[in-house]
Amino acid sequence: MTYSEALAVHVAQPQPRIDNLAQPLGTPAEASFPTALNLAAAPPLLPLSLTRLVSPLMTERSRGGSKVWASADEAVADIESGSVLLSSGFGLCGIASTLIAALRRRGPESLHSLTAVSNNAGAEGRGGLALLTENGQVDRLIMSYLGNNKKLERAYLTGKIAVELCPQGTLAERIRAAGSGIPAFFTPTGGETYIEQGAIPVRYDENGNVVEYGKPRETRIFNGRKYLLETELPGDVAILRAWKVDKVGNCVFRYAAKSFAPLMAKAAKLAIVEAENIVEVGEMDPDEVDLPGIFVDRIVPAVEPTLIEILKTRSTGEDHSQVKVEKSEAQERRNRIARRAAKELKDGYYVNLGVGIPTLAPSFLPPGQKVWIQSENGILGMGDYPLPEEVDPDIINAGKETTTLIPGASTFDSAESFSMIRGGHVNVSILGALQVSAAGDLANYMIPGKVFKGMGGAMDLVSNPDSTKIVVATEHVAKDGSSKIVQSCTLPLTGAKVVSTIITDLCVFEVDRKNGGLTLTEIAPGVTVEKVRSKTDAEFSVAEDLKLME
């Protein structure tokens, strides 16, 4: 059966009324949020003879007829092995759980060798693309972050799957470019790193030998700065989830669930959206539409619940703006770093904070001082952890934790988020480090042979250090006692000559990014210059007016 014949069958057949099959989840206070997909409860895949078999997969968008399909199983029945699959979401927020479950039910015999494109690969055994990688249906992943998916990491290191790491902002822009008819573009992200050199292993053999590396990037100088040439990243199929969709495909996304969804729908030959609410044409105000229907080909009811990857809450009356007194020595060191890092945040600043110690900094701001926290997954104006009754699965931070929005906050997609970042609109970015050099080089995403998490948005965050001040907040030594402050980094770089200030539990260094070199400007109470020298594997000078860290 050709595609045109199958489409004619779809249009001609009476369709069940499915508007109410996907019941609204209600307000966050009323909803119950699972943390993993219940695949056992999913309906069985219809026999092939009962599905609409559309083959080959459409290579151009078809117009006319109903876009609403009765089930996800029918809507994905014609997706072919070897397809490039664009899967929206950030962590488990905004993922197309219903469509992923339907793809998994196809099984590796029917659907395999997929190239899956996503920010990350979901949560092991719980949801997201992990359900397809664990099922042997994905041959290659293009992503920015593996996270803590140990099964995927093992599969990668033993040659069972290829992984192309791509900085998060570059990933978003490559997808956006594909949907905009732009074949390539230049970006500062990744200069002087393994991304430029094409040195990150993509595929290993079963014995752990590298058999494929990334592709070196072409470079060009604009206005005295180096830029890398990146190419568009189109897909055969995009799967996304929306809060509300009308029957012509106009979509509304909630909060951080936008992320990659609008970008991926525009970049694919075929875009399938699962809708939590399907409404009649005309029920949506044109001004509330996030994604126009021209970019959507099929609509199915969302029958899987929204998922939460990391549930974080606070108790009534608990105020994280007032830091609790911790007795442990380790927490005392972390608080000392965060307290000093808070001084880098001026009133009214727009700031981005890395995971770990950097997130503690706002807790030490003076009363009445306000900063706007930008989270690269699409939030400007992030607040505290929610009360239990305030939890919303569509409001998460870059660490995949539930969070809240402050008055005046805004949400947006990933391309918009990284325009703020690369464009230098963020005043300060505070990041952690594995190593930082005397020249201001930063390494914080990879230890070859030991840690392979991915860079996420870190390379983008340090891509414009002349406009966005980069501050490293980290403990002075690693767990094995080795110094994190080194003359030259031995680990793969996140960025070269990008760090301006280094704050540790022992001291503060200012970095001369232009000429290279460290100056010790502040020292912690009870710490001597000699102790700093003994714990530092980099040369440094001492400021004449050496101050005490407060």
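In the predicted model, serine 417 is buried, with a relative accessible area of 0%. The residue belongs to helix α10, which spans residues 414-422. Its side chain forms a polar contact of 3.1 Å with the side chain of glutamine 374. Apart from neighbours within four places in sequence, serine 417 is in contact with Gln374, Ser375, Glu376, Asn377, Gly378 and Phe412.

The side chain of glutamate 376 is joined to that of asparagine 352 by a polar contact of 3.1 Å. When residues up to four places away in sequence are not counted, glutamate 376 touches Gln168, Asn352, Ala398, Ser417, Phe418, Ile421 and Leu461. Ser417, Phe418 and Ile421 in this set are also among the buried residues of α10.

Helix α10 as a whole is mostly covered, seven of its nine residues being buried. These are Ser414, Ala415, Ser417, Phe418, Met420, Ile421 and Arg422. The elements against which they pack are α6 (168-179), β5, α8, β14 (350-353), β15 and α11 (458-461). The N-terminal end of α10 is capped by aspartate 413, a side-chain oxygen of which lies 3.0 Å from the backbone nitrogen of alanine 415. Just beyond the helix, glycine 424 adopts a positive phi of about 80°.

Strand β5, one of the packing partners of α10, comprises residues 184-187 and shows alternating side chains. β5 pairs with strand β9 (residues 225-231) in the antiparallel sense, over four bridges. Within this pairing, phenylalanine 185 has glutamate 230 of β9 as its bridge partner.

Positive phi values also occur in residues other than glycine. Serine 259 has a phi near 30° and is placed in the loop between β11 (251-252) and α8 (261-267). This serine is buried, with a relative accessible area of 0%. Serine 113 has a positive phi of about 60° although it is not a glycine, and is found in the loop between α3 (97-110) and β2 (114-117). In contrast to serine 259, which is buried, serine 113 is partly exposed, at a relative accessible area of 36%.

The largest nonpolar core contains 57 residues, and Val499, Ile502, Phe509 and Leu518 have the most contacts inside it. This core draws at least three residues from each of domain 1 (72-301) and domain 2 (329-548). Phenylalanine 509 touches His476, Ile485, Ser500, Thr501, Ile502, Leu518, Thr519, Leu520, Val532, Thr536 and Phe540, with residues up to four places away in sequence left out of the count. Ile502 and Leu518, both touched by phenylalanine 509, are likewise among the residues with the most contacts inside the core. A second, separate core of 42 residues includes Ile100, Leu131, Val138 and Met459.

How values were computed
Residues are numbered from 1 along each chain as its sequence is written. This is a predicted model: local features need pLDDT of at least 70, side-chain atom pairs count only at pLDDT 80 or more; totals for chains, interfaces and linings use all residues. Side-chain values use heavy atoms; hydrogens and water are left out. Helices (H or I, at least four residues) and strands (E, at least two) are DSSP runs, numbered from the N terminus. Buried means under 20% relative accessible area, exposed over 50%, partly exposed in between (1.4 Å probe, protein chains only). A nonpolar core is a set of buried Ala, Val, Leu, Ile, Met, Phe, Trp, Tyr and Cys residues joined through side-chain atoms within 4.5 Å. Domain bounds come from an automatic or database domain assignment. Contact means heavy atoms within 4.5 Å. A polar contact is a pair of N or O atoms within 3.5 Å; within protein, one must be able to donate a hydrogen and the other to accept it, and residues adjacent in sequence count only if both atoms are side-chain atoms. Two strands pair if DSSP finds at least two bridges between them.
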